[in-house]
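Here is a guided walk through a two-chain model.

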Protein chains: 2
Amino acid sequence: MHSFKDFVTAFGEHFSRKHFPESPVNLYAPGDYFLSWGGKRIRPVMCLMGNELFDEVHPDSWEVATAVELFHNFTLIHDDIMDEATLRRGMETVHVKYGLNTALLSGDVMMIRAYEYLSKIQPQYLHRILTLFNTTAREVCEGQQLDIDFEQQDNVSLDHYIHMISLKTSVLLAASLEMGAILGGASDGNCRHLYAFGKNLGIAFQVQDDYLDAFGDPEKFGKAVGGDIRQNKKTFLLLHALEVATPAQKETLLRLMQDNPADKVEQVLAIFKACNIDAWARDLKDKYLQTALGHLDAIAVREVRKEPLRELAEFLIQRAY
Amino acid sequence: MHSFKDFVTAFGEHFSRKHFPESPVNLYAPGDYFLSWGGKRIRPVMCLMGNELFDEVHPDSWEVATAVELFHNFTLIHDDIMDEATLRRGMETVHVKYGLNTALLSGDVMMIRAYEYLSKIQPQYLHRILTLFNTTAREVCEGQQLDIDFEQQDNVSLDHYIHMISLKTSVLLAASLEMGAILGGASDGNCRHLYAFGKNLGIAFQVQDDYLDAFGDPEKFGKAVGGDIRQNKKTFLLLHALEVATPAQKETLLRLMQDNPADKVEQVLAIFKACNIDAWARDLKDKYLQTALGHLDAIAVREVRKEPLRELAEFLIQRAY
């Protein structure tokens, strides 16, 4: 068995090779540039862990893991275009460095490259893996579209937001685990539990992310708090606050979002605290985390095999508050 | 056996159903809009014909044909963004009607949808078809990038241009035929000949397209001649003219391209004719057409089965001049 950290190191080395031909350089250099930034490679590692949960690591897991990571990076390149983001991890985004057309096309070809890695797996697994990969890929696009849609909508409910977040981020985590499990020969029932573990863990992570942006310790969190509030981002916190606030509080919130006063972050946080949004968010995160862990418990393998996945959950939901 | 026209009609009906879910409407409506314009659907019909060349039509051919057509339309949506095209077939392009972000994302999801159709075929064919589809898809992106690159380059040779055109347009025609042939149980040798038929036919078609834009009969061609010349497009004709012109003619050509005088089309055409570019282009087109037909001849099936493919070649290379 490999620990979560073992897999992070092993996949990092495996993935650091070249993924594209030399030519045409203007098509492939942007992809090399984007992939060279490194990262934790959470999704491919989840594929490997989902696989080793059931059996020794299957060689095809590395191909599927690579496909997942390339697909994820393709979405980041295109999302950065849509969000007009200029920086990612402190580096110029692809469309800023190379122009829109090149970012568009090098994203397209990165997605195709993902499918090329997928096509390398043993034929007996291909249909099932490809079907899950396709469904997930399309759901990720749906999540991105809903995220764009929500920016223009006033009446986004918490349920709709959770649906959007599930599609945009959680289903790829869940499917990464399940694709590994399929290669490990897992039963349908075990696959379903593992998928549900990943999906709920992803939502818990997103709730935490929203929470930390408002209430996190800037020293531990590594960045100033209130970024989402300044941008009027429709986070879990804001959506719930708009649902539970008194009419007067709600009016103040909406006015603050419109007027953007200098002390907006402090004023919004004061309302959040008056509405107990912080405690609510911690409870919500715990609810999804416990649901996730319940599905992990339900998987019919020895507890010792589940250790790496518990490490993963701790890693994702570790940030203190 | 079905004629080329039979297949055009049959595939048109088959393809006219809905290809996307209802929701999110902002993600899927642009795809429905773009696909609703219809068209000859040459590529999917080539897949069906490549299949029936060897056997009765295999049900999976319809899935692969649909995947090919969706992939082709995805490339058109993204190419229109890159080319900043405002109209296609007289209709507003997707990014003009719906905005850049929606065009980008609805193109992405159309490509994924293509892979969803591919994944429906019988598992024993999936690996081989998926591998060819992936290679071809990546080559189409390479061709698009080379086309963009060439716009900025002064010294594009005819060989490089043919390489670009092969990637950008011919390989998808060739692969459509071959994927059908694979489903028809064709041998590797027959597959190779059929692929070469499609690839050379595609190049012949592109030579003809460039020729007609300069020398075509406007009444038969359906549009005014000289569009490529006005835009300084690097066509077969211009590239060859720059190779064979006298120093004085070459200097005049380059000056005309830079100065854009009112009678530019007439002056460029006069140089083209003085250099016998028109006869050269007809010969070049014939060379590729004959090479294509030679590969069709070499395929080891009865001549009567090849009739629909000869009809296709006539349809593509029929336009009088």
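A residue is buried if 20 or more other C-beta atoms lie within 10 Å of its own, exposed if 12 or fewer, and partly exposed in between, with C-beta atoms placed from the backbone. Helices (H or I, at least four residues) and strands (E, at least two) are DSSP runs, numbered from the N terminus. This is a predicted model: local features need pLDDT of at least 70, side-chain atom pairs count only at pLDDT 80 or more, and totals for chains, interfaces and linings use all residues. Residues are numbered from 1 along each chain as its sequence is written, while chains are lettered from A and ligands numbered from 1 in the order in which they are written.

Begin with helix α3 of chain A, residues 42–52. Of its 11 residues, 11 are buried. Among them are A:Ile42, A:Arg43, A:Pro44 and A:Glu52. These buried residues pack against α1 (4–15), α4 (59–83), α8 (158–183), α9 (188–215) and α16 (307–316) of chain A. In chain B, 11 of the 11 residues of helix α3 are buried, so the rest of the structure largely encloses it. The buried residues of α3(B) include B:Arg43, B:Asn51 and B:Glu52. Their cover includes α1, α4, α8, α9 and α16 of chain B.

Now relate the chains. Two copies of a chain are related by a rotation about an axis and a shift along it. Here a rotation of 180 degrees with 0.0 Å of shift along its axis superposes chain B on chain A, with an RMSD of 0.0 Å. The two copies are thus related as by a two-fold rotation axis. The superposition is by least squares on the C-alpha atoms of residues with pLDDT of at least 70 in both.

Next comes the interface. Two residues are in contact if their C-beta atoms, placed from the backbone, lie within 7 Å. Chain B gives 32 residues to the contact and chain A gives 32. On the side of chain B that touches chain A, α2 (25–35), α4, α6 (100–118) and α7 each supply at least two residues. The largest share, 15 residues, comes from α7(B). 100% of the interface residues of chain B are also interface residues in chain A, so the copies meet through the same surface.

Look at one helix pair across that interface. Helix α6 of chain A and helix α7 (residues 123–151) of chain B pack at an angle of about 165 degrees, with their axes 9 Å apart. That makes α6(A) roughly antiparallel to α7(B), a label for angles over 145 degrees. Axes are lines fitted to C-alpha atoms, for helices over the stretch in contact, and angles run from 0 to 180 degrees between N-to-C directions. The contact residues include A:Leu105, A:Asp108 and A:Ile112 of α6(A), and B:Cys141, B:Gln144 and B:Gln145 of α7(B).

Zoom in on A:Leu105, which sits in helix α6 of chain A. With 25 C-beta neighbours inside 10 Å, A:Leu105 counts as buried. Not counting residues up to four places away in sequence, A:Leu105 touches A:Leu27, B:Cys141, B:Gln144 and B:Gln145.

Finish with B:Ile317, in the segment after α16 of chain B. Is B:Ile317 buried or partly exposed? B:Ile317 is partly exposed, with 17 other C-beta atoms within 10 Å. Leaving aside neighbours within four places in sequence, B:Ile317 is in contact with B:Ala204, B:Phe205, B:Gln208 and B:Leu289.

Methods: Parallel < 35°, antiparallel > 145°, perpendicular 65-115°, else oblique.
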